[in-house]
Amino acid sequence: MANAEKQVVVVAVDDSEHSLYALGWTLDHLFVPFGSNSPFKLVVLHAKPYAATAVGLAGAAAADILPSVESDLKRIAARVIEKAREICTSKSVNDVLYEVAEGDARNVLCEAVEKHHASILVVGSHGYGAIKRAVLGSVSDYCAHHAHCSVMIVKKPKIKH
């Protein structure tokens, strides 16, 4: 099967253990069993917020710290992509496109689905309760309703004591 015929799977990663678990789960179930004959092409995507959004300040004070925040966000993005690369390499999945896109994660993920003509979008679940989800908003919930492909929400199993 040629690469052009492969369906695209976009996996969203951030600096949470939930997203990295979702990446590992995806590799274990959609890539590793097939070796180099997987029917899928993998895109690993990190959504880097805009510095001004991350700061949430206005005025002269924000202008003073924006360069530092932007530098930190770039460093975090590089670290997230490196962790994702290590996970893929450890599972011998090497044909991967790694991307960092700037903006709100909800929009970035839906735009990536369109850009890559993805068949599946994989996101990790932080397992927020109803109140926290209502206040913070749920990226996975937004994508499930707005992405133009199937959305797989991977939950990390809770450890039972």
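Start with valine 151, which sits in strand β5, residues 150-155. One caution before going on: this is a predicted model.

Is valine 151 buried, exposed or partly exposed? Valine 151 is partly exposed, with a relative accessible area of 23%. What does valine 151 touch, leaving aside neighbours within four places in sequence? Its contacts are Leu121, Val123, Cys143 and Ala144. Now look at valine 10. Along the chain, valine 10 and valine 151 are 141 residues apart. Their C-alpha atoms are separated by 9.6 Å.

Next, the cysteines. Cys143 came up as a contact of valine 151. How many disulfides does the structure hold? The count is 0. Cysteine 143, then, is in no disulfide. The nearest cysteine sulfur belongs to cysteine 110, 4.3 Å away. A disulfide needs the two sulfur atoms within 2.5 Å. Cysteine 143 is buried, because its relative accessible area is 0%, and buried means under 20%. Cysteine 88 is buried too, again with a relative accessible area of 0%.

Last, the second largest pocket. Its volume is about 200 Å³. How many residues line the second largest pocket? There are 14. Phe31, Gly35, Ser36, Val93 and Asp95 lie nearest the centre. Which strand gives the most to that lining? Strand β2, residues 40-48, does, with 3 residues. By class, the lining of this pocket has 5 nonpolar, 5 polar and 4 charged residues.

That's my tour. Over to you.

Terms used
Residues are numbered from 1 along each chain as its sequence is written. This is a predicted model: local features need pLDDT of at least 70, side-chain atom pairs count only at pLDDT 80 or more; totals for chains, interfaces and linings use all residues. Side-chain values use heavy atoms; hydrogens and water are left out. Buried means under 20% relative accessible area, exposed over 50%, partly exposed in between (1.4 Å probe, protein chains only). On a 1 Å grid over the protein atoms alone, a cavity is a set of points where a 1.4 Å probe fits but cannot get out, and a pocket is an open set with protein on both sides within 12 Å along at least five of seven lines; lining residues have an atom within 4 Å of a point. Grid points are joined across faces, edges and corners, and a volume is the space filled by probe spheres set on the points. Helices (H or I, at least four residues) and strands (E, at least two) are DSSP runs, numbered from the N terminus. Ala, Val, Leu, Ile, Met, Phe, Trp, Tyr, Cys and Pro count as nonpolar, Asp, Glu, Lys and Arg as charged, and the others, Gly among them, as polar. Contact means heavy atoms within 4.5 Å.
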